[in-house]
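Here are my notes for your first look at this protein. Keep the sequence and the 3D view side by side as you read.

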Amino acid sequence: MRKRRRVTPAGSGRAGAAGAALVLGSAGILLGLAAGPAQAAEVSFATHCVPPAGITPVDGTTKVEITAPATAKVGDTVDVVWKFVQAASKNPDIIDLPANSVQPSGVLKAAGAQAADIAMQGTRTNPAIPKGGAMVLSDMKGTLKLTAPGEVTLTPDAYTVNAMSTDTKCTPKETVQKAATIEVAPGDGSSSSTTPEPTDSASPSSSPSASASASASDGTGSGQTDFTGKEVDIPYTCQSPIGEKKATSPIQIDARKNGGSFDLTVQFKKSVMDSPADIPKGSVKPSMEVVLGGADKGTVHVEGPTNSKDIKSGEPIEIPDLTGTYKPGADGKSTLSPGVLTINALGTTTTCKPDRTEVSLTLDTTQQASGASGGSSSTSGGTSSTGSSSGGLAETGSDSHGAVKALGLVAGTAVLLGAAIFTFLPGRRRVR
């Protein structure tokens, strides 16, 4: 049986295709009025980069690719991306940077129909970078709310590279060419705001806050054995080969009477450590010299245990309680204040000095044989041979270099310990 063949009028197929194309084209026009397809353009510019103190500034070339919508309308909030094709500076010949330890941030200039500084922020994502190696930086993202019709141009400006809580600031040395243009059509959006918001959180350096809600205990109560100190905020200064850092940490000193001596516990009550690198277990050990005052003089050494498990990059960890024994060296009221903080890790020593100290605990003491008075020699009571009533802090590392080999920071500063880097950040911890 023969099949009938349907006859289609000439040109109807082409007309149908043309009609479909017209419909799709109209849809494309409508979409284009909201936000056109993304465009990407690369620019390069001479750049001057200033690393932390102690490292020579660098002049180099930055190559950047900016991606943004080609068209949009007033009221739209558009996403823009800054991709580093090449950073102007390399990793200095000081340390190897571990993976996920570098974070860029910067400013993209909007001009033309609308002027604004767009805050750009990248993630702390990078491969391991060896000494002298090229910096590999993550893409930075930002947003811009469009407030006026017309042509808006986007131009890269200054940027900062944060590596282990130290900043290298890079600024253009020449006029930078525009990298992208957005054609903004009139719309129904508001024109009251030009302030962009970054799409990612800023660097981990934050200032902690704490209130000393407790009063220093007076160890005079009959039969009393436990004495609770008040929480005090202590500002620290830490030196490193790549600069000086300052931060404040809330600390509390408690005591328990043990015969004629006192068992001390020093707590960083509202501080935790947040690690941008993997740290193996048993590699970090903190200690402190508690400063004596009032009737007694000298220092008492307290220390904490090493980390009991591996710490993954980005995981928060608490500063452990620091413990030691105070054997009084004088009769009367003796005060205890936080002093030098030392961190030993991976064969390095980091020392942080308090800019000032404050009494956390006052005890009624009775002189014991070989007690702490004077602090000129080590005793079974755990006093430090380097102590003084003013909390004199021993230097670590080579005097000829004038800097410690590691970067120790408290409450917002990083500790640079060879390949291990970690940051003390504000947080909550248990109160016993």
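1. Start with one term: contact means heavy atoms within 4.5 Å. This is a predicted model, in which local features need pLDDT of at least 70, side-chain atom pairs count only at pLDDT 80 or more, and totals for chains, interfaces and linings use all residues. Residues are numbered from 1 along each chain as its sequence is written, and side-chain values use heavy atoms, with hydrogens and water left out.

2. Look at the overall build. The protein has 1 helix and 25 strands (DSSP runs numbered from the N terminus: helices are H or I, at least four residues; strands are E, at least two). Take the contacts between residues at least 6 apart in sequence: 72% of them join residues at least 24 apart.

3. Next, burial. Of the 432 residues, 45% count as buried (under 20% relative accessible area, 1.4 Å probe, protein chains only).

4. Find Pro 328. It sits in the loop between β19 (322-326) and β20 (332-337). Is Pro 328 buried or exposed? Pro 328 counts as buried, because its relative accessibility is 0%.

5. Now Asn 307. This residue lies in the loop between β17 (298-303) and β18 (316-318). Asn 307 is buried too, with a relative accessible area of 14%. Its side chain reaches the backbone oxygen of Pro 280 at 2.8 Å. Not counting residues up to four places away in sequence, Asn 307 also touches Ile 279, Lys 281 and Val 284, among others.

Key:
Buried means under 20% relative accessible area, exposed over 50%, partly exposed in between (1.4 Å probe, protein chains only). A polar contact is a pair of N or O atoms within 3.5 Å; within protein, one must be able to donate a hydrogen and the other to accept it, and residues adjacent in sequence count only if both atoms are side-chain atoms.
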